[in-house]
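Me: Please take a close look at how the strands pair in this model. I should like a connected account that covers the side chains involved, their setting and the confidence of the prediction.

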Amino acid sequence: VIELGEVRNPKRSPITSDKSSLTALLGTQVTGLITRLAHTDSTQRRTRLLETLVETTSRLAPDKTIDSLLNDILRLAIELFPGTIGAVYENHATLHTLDLRYTLNIDRPPAAMRLTHDDPVIGLAARTADIGVYEADIAWSPKALLFPTQPCKRLIVTPLRLGTDIKAVL
């Protein structure tokens, strides 16, 4: 029996039900803490990758067309997150709408999909310029249209800017 780092005779320091319960409780707490730390580390790593993607998009060659830039950004994002699928919505700020322009790794992308700035996921990113991270259980109706046959673990949404204008949402 090891107690407080010392090897002791089991007869001298018997394991009681209280000690056993306390040990099990401590084990559960430590396991939970390790799981939360791993999740936090993973989320922070993904956030840093997204920030790198946003920085990279601001330094892309200005002589490219918007279409080629959006396509390049989508490919870069897919490379940063292996095993993912992606879509780019072009932002029409004056009309307060977003149109699906490009997709990668989506089995059957919809032919067209228009969202408004009132949309709680893509529209929110277009309105606020904030990066959003959503868990799989989010109640977002376009998710079923974009990913009808593919499971979704997490949805990461980031605005793509050209100068101060949000040109698209990834």
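Reply: Two strands are treated as paired if DSSP finds at least two bridges between them. Strands (E, at least two residues) and helices (H or I, at least four) are themselves DSSP runs, numbered from the N terminus. The model is a predicted one, in which local features need pLDDT of at least 70 and side-chain atom pairs count only at pLDDT 80 or more, while totals for chains, interfaces and linings use all residues. Residue numbers start from 1 along each chain as its sequence is written, and side-chain values rest on heavy atoms, with hydrogens and water left out.

The chain contains four helices and nine strands. In sequence order, the elements follow the pattern β-β-α-α-β-β-β-α-β-α-β-β-β.

The account may begin with strands E3 (86-92) and E4 (97-104). E3 and E4 run antiparallel and are joined by seven bridges. Within this pairing, Ala87 is placed opposite Thr103 of E4. The two strands make a hairpin with four residues between them. His96 belongs to the loop that links E3 and E4, and its phi is positive, at about 60°, although the residue is not a glycine. The relative accessibility of His96 is 49%, so the residue counts as partly exposed; that class lies between buried, under 20% relative accessible area, and exposed, over 50% (1.4 Å probe, protein chains only).

Arg101 and Glu90 meet through their side chains at 2.1 Å, N to O. Because Arg101 lies in strand E4 and Glu90 in strand E3, the pair ties together parts that are eleven residues apart in sequence. The setting of the two partners can be stated as well: Arg101 is partly exposed, with a relative accessible area of 34%, whereas Glu90, at 17% relative accessibility, is buried.

E4 has a further partner in strand E5 (residues 114-116), to which three bridges join it in an antiparallel arrangement. Here Thr97 stands opposite Thr116 of E5. The structure holds two salt bridges, and one of them concerns this pairing: the side chains of Asp99 and Arg114 meet at 2.7 Å, N to O. Asp99 is in strand E4 and Arg114 in strand E5, so this contact ties together parts that are 15 residues apart in sequence. Asp99 counts as buried at 15% relative accessibility, while Arg114, at 56%, counts as exposed.

Strand E8 (residues 159-162) pairs with E9 in the antiparallel sense over four bridges. Arg161 has Ile166, in E9, as its bridge partner. Two residues separate E8 and E9 in this hairpin, and Gly163 in the turn has a positive phi of about 70°.

A nonpolar core is a set of buried Ala, Val, Leu, Ile, Met, Phe, Trp, Tyr and Cys residues joined through side-chain atoms within 4.5 Å. The largest core has 18 residues, and Tyr89, Val121, Ile122, Trp140, Leu146, Val157 and Val169 have the most contacts inside it. The elements giving it two or more residues are E3, E4, helix H3 (122-128), strand E7 (154-157) and strand E9 (165-169). H3 supplies the largest share, three residues. A separate core of 13 residues includes Leu53, Leu70, Leu74 and Tyr102. Of the 170 residues of the chain, 30% count as buried.

Finally, confidence. The mean pLDDT, the predictor's confidence in each residue on a scale from 0 to 100, is 77 for the chain, and 79% of the residues reach 70 or more. Confidence is highest in H3, at a mean of 91, and lowest in strand E1 (residues 2-3), at 49. Where pLDDT is low, the predicted coordinates should not be read in detail.

Definitions and conventions: Salt bridge = Lys/Arg side-chain N within 4 Å of Asp/Glu carboxyl O.
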